[in-house]
Amino acid sequence: MMRNFLVILTFVFSSSSFVSAQMPGMMGARNGGGQNMNIGHFYGKAVDPKTGKGIEGVTVQLKGNKFDSVAKKMKEAILGTTITPANGDFSFDNLPVFGNFKLIMSSLGYKNLEKTISFGIKMPTDRSGANMQQLLGMADKDLGNIKLEEDATNLGNVTVTASSKPQFEMGIDRKIFNVDKNLMGSGQSATELMRNIPALNVDIDGNVTLRNAAPTLFIDGRPTTITLDQIPSDIIDRVELITNPSAKFDASGGNAGILNIVLKKNKKTGYNGGLRTGIDTRGRVNLGGDINLRQNKINFTGSGSYNQRKSLSDGITNRNNLLTTPSSIYNVQNSTNKGYFAFFRGGIDYFVDNRNTISITANYNKGQFNNDQTQKVDSTIKGILTSYNNINTQSTSNFENIGTQLSYKHNFEKNGHNISADYNYNNSKNNNESNIANRTYNLDGTAKGTPLLQKGLGNGNTINHTFQVDYENPLTEDSKFEAGGRGAIRDFSNILDQYRMNASTNVYELVPLISNRYKYNDQVYAAYSTYSFKVKKWSYQLGLRAESSNYNGTLLNAKGQDSASFKVNYPLSLFPSAFITYKINDKQDYQINYSRRVNRPNFFQLMPFPDYSDPQNINIGNAGLKPEFTNSFEMSWNNAYKKGSNFLATAFFKYSTNLITRYVYRDANALIPGDSAYFSTYINANEAFTYGLELTNKTPITKWWEMTASLNIFNSKINANVPGQDNLSQEQLSWFAKLNNTFKVAKGVSIQLSGDYMAKTVLPPSSGGGGGRGGGMMFGGGPQSGAQGYNLPRYGVDLAIRKDFTWKNGKTGVLTLSMNDIFRTQLFESYSESTFFNQTSQRRRDPQILRLNFSYRFGKFDATLFKRKNTKADQNGGMDMIQQ
């Protein structure tokens, strides 16, 4: 017993200045086996002074003295940080039992609290076994209920909500929307969740636009090959909109900015997790679960989900061809899409010591969807109905994605001084098969000609490698220097073989002209640096990024051999950025920023060979395209004008040169000798302007009613010289609004009512590549690419009800009932026109779906499950107390 006591004292004193000053003789034992035997345990509860109930979301930090092996002396250090759960509990383990500690507690709406605590253990004069047991018992100390005093002024620059996190926040270069408790997204994909983000628009096909352009998708701060409809909404913690990225981020991506999806992950000591399930009125189920384990130097996070889908859509397209012999096509479509997607993610953080962390994360997702589409097409020539077509398309598509990230971070002695490096790998595969039966009939119902039977077989593969190094050094308390480098390599390949039934042999034969096989490789290399500093109430961040890229595209023949290729090398370009923030007071700040960005042409936009995958809309690239450059300016004002309220206003202006724009012309059709067809290609517009105003306000109307309202007003103008046609010029002032209401109708019961309205909007100037995707709409089916036009106004209302459960054992549950588009008003309509045609279309998808979801949370945050409490010191504790 005496030997054990001395070992414990040797370790305890080695972690305090008392040892080096008073007990030099015992320091020799410091490197012995007892050095990892910290046994102290503080725990308590943060409570509201009026109600006496626990406070969720309190940041609790514990400071104490630690021996710094680099400085060779004792220093005050953060021994642990945690955030309280719903019951207000907090806990810190593996602490030295001698000396004083500093406990710091802070939470929005409450005054900060700081107090000195200790275990009250003194060196015993009697070293008997009884006193030893008493010593061990004192090492487990309950701090009791700690009351936090309310502070109505302590709101910072964010909105306070009833949950532990504000609904939205404003960072120096991004807007942050915390969506982990959003009711409408439960049991769905990330696409549905994006409909509730104030600045985003989502169309009927799930395409997300930010300021009328498609943003670049990131997951956890890095590019990805995963799409939004492959990410379960339940694993998303927050959404970050980086509307004007600084020099630290890729300059590529045009003028739409970055949409960063941050997935849920925590590092609370102990274990916690959850299970969830749900079903909708179409009989589709969703299942999911997550688990987090944290003990000592290891943190493990894992999650998985399985979601079934059944999507029903219908649409009408009316197209008038303005040719020498006028004709029209009236197309009625109905589609049923069934399938599933599954997502699995796991990660391990290894805290080597308090300055070095190694992390590895991997994800795997796959899915399959079967689509059955019918079309009835009426053909009219010179105003006379001549025939009709029945077209049936059956297709099956599969996708699979594997991704991993390996990261390393080193913290230097100075707080905030660090360097990190990571490698990201993403491998995405897909394959599809489509069967199209096109039968033409006379008006009396008799067959006209031979049915056209087609089959498409395709597959594709995308591999992304990304290497990145970031360095951060706070030079002084008011200045910081950052620098880094990045290399991104992408390999893309695609095969689409189109077959047509030979009527005489009843055998499908390959049609090379409407098939395509290609691959490309692009490489982007960049380096950046930023310098941030403060002068009184002013904060500045100045940055510069240098970036260059190479592009190699190759067409393949039926044997997979190279048949034609092209190469583009883009020179080194510089991209400056500047952010200036003025802190008016504790509740208000003002920011102005600027950045320069680039959008380089993709494979389809560059490929100088016709793509006949869709015989009615033939695509051909332009190898002479130049990159488009955009200069972006923003001004933002953020005001937390009263408790629980926040107002954010942002004005933006973007000027683009060489904007990549699609246009349509008519030329000879190589598929049908003597006939002509529409060709879509690309040019660089002379210039484009985009400007607008975004307003978002969140405020409690009453104690039981909170409202978030947003209004976006924007205008886009494009000027382009089109070869052989009148100059292309488009301009449309538009706006959209969103309203989100949360009603607390009873204890643990809340209702969310949200709606959105989209005014008349100009069609986006460029929709990217196109072509080569297989199973094309032979008679049109949406806004015609390259045409001028607009989307008509639309609106919709969603409703959700939530019930929270808390059981005595600390477990919690949430039951959610929701319905989208409750009034069946979400009808997507558009009009487009060119020199050769005009077209109207309308589509509707999945209105009034009722979903029921339940989630169950469990866990313990004090790690007592994994240790032998008070009877034996934890052999794996160590002195390296990692921030949690």
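Contact here means heavy atoms within 4.5 Å. Before going on, please note that this is a predicted model, in which local features need pLDDT of at least 70 and side-chain atom pairs count only at pLDDT 80 or more, while totals for chains, interfaces and linings use all residues. Residues are numbered from 1 along each chain as its sequence is written, and side-chain values use heavy atoms, with hydrogens and water left out.

In the largest nonpolar core, which has 25 residues, Phe42, Leu62, Phe90, Leu103, Met105 and Leu148 touch the most other members. Such a core is a set of buried Ala, Val, Leu, Ile, Met, Phe, Trp, Tyr and Cys residues joined through side-chain atoms within 4.5 Å. Buried stands for under 20% relative accessible area, exposed for over 50%, and partly exposed for what lies in between (1.4 Å probe, protein chains only). At least two residues of this core come from each of S1, strand S2 (59-68), S4, strand S5 (100-107), strand S6 (110-118) and S7. Strands (E, at least two residues) are DSSP runs, numbered from the N terminus. A second, separate core has 24 residues, among them Ile219, Ile236, Val239 and Leu259.

Strand S1 (residues 40-47) pairs with S7 in the parallel sense over six bridges, and Ala46 stands opposite Ile146 in S7.

Now let us turn to charged pairs. The whole structure holds 22 salt bridges, each a side-chain nitrogen of Lys or Arg within 4 Å of a carboxyl oxygen of Asp or Glu. One of them joins the side chains of Asp846 and Arg282 (2.6 Å, N to O). Asp846 sits in the loop between strand S44 (837-845) and strand S45 (850-860), and Arg282 in the loop between strand S16 (270-280) and strand S17 (285-295), so this pair ties together parts 564 residues apart in sequence. Asp846 is buried, at 15% relative accessibility.

Another salt bridge brings together Lys455 and Glu433 (3.4 Å, N to O). Lys455 lies in strand S23 (residues 452-476) and Glu433 in strand S22 (residues 418-441), 22 residues apart. Lys455 is buried at 18% relative accessible area, whereas Glu433 is partly exposed at 34%. Elsewhere, salt bridges with shared partners join Asp250, Arg486, Arg545, Glu547 and Arg600 into one network.

Our last stop is Asp478, in the loop between S23 and strand S24 (479-502). This residue is partly exposed, at 43% relative accessibility. Neighbours within four places in sequence aside, Asp478 is in contact with Ser532, Phe533 and Lys534. The C-alpha atoms of Asp478 and Lys534 are separated by 5.2 Å, although the two residues are 56 residues apart along the chain.

Conventions. Two strands pair if DSSP finds at least two bridges between them. Helices (H or I, at least four residues) and strands (E, at least two) are DSSP runs, numbered from the N terminus.
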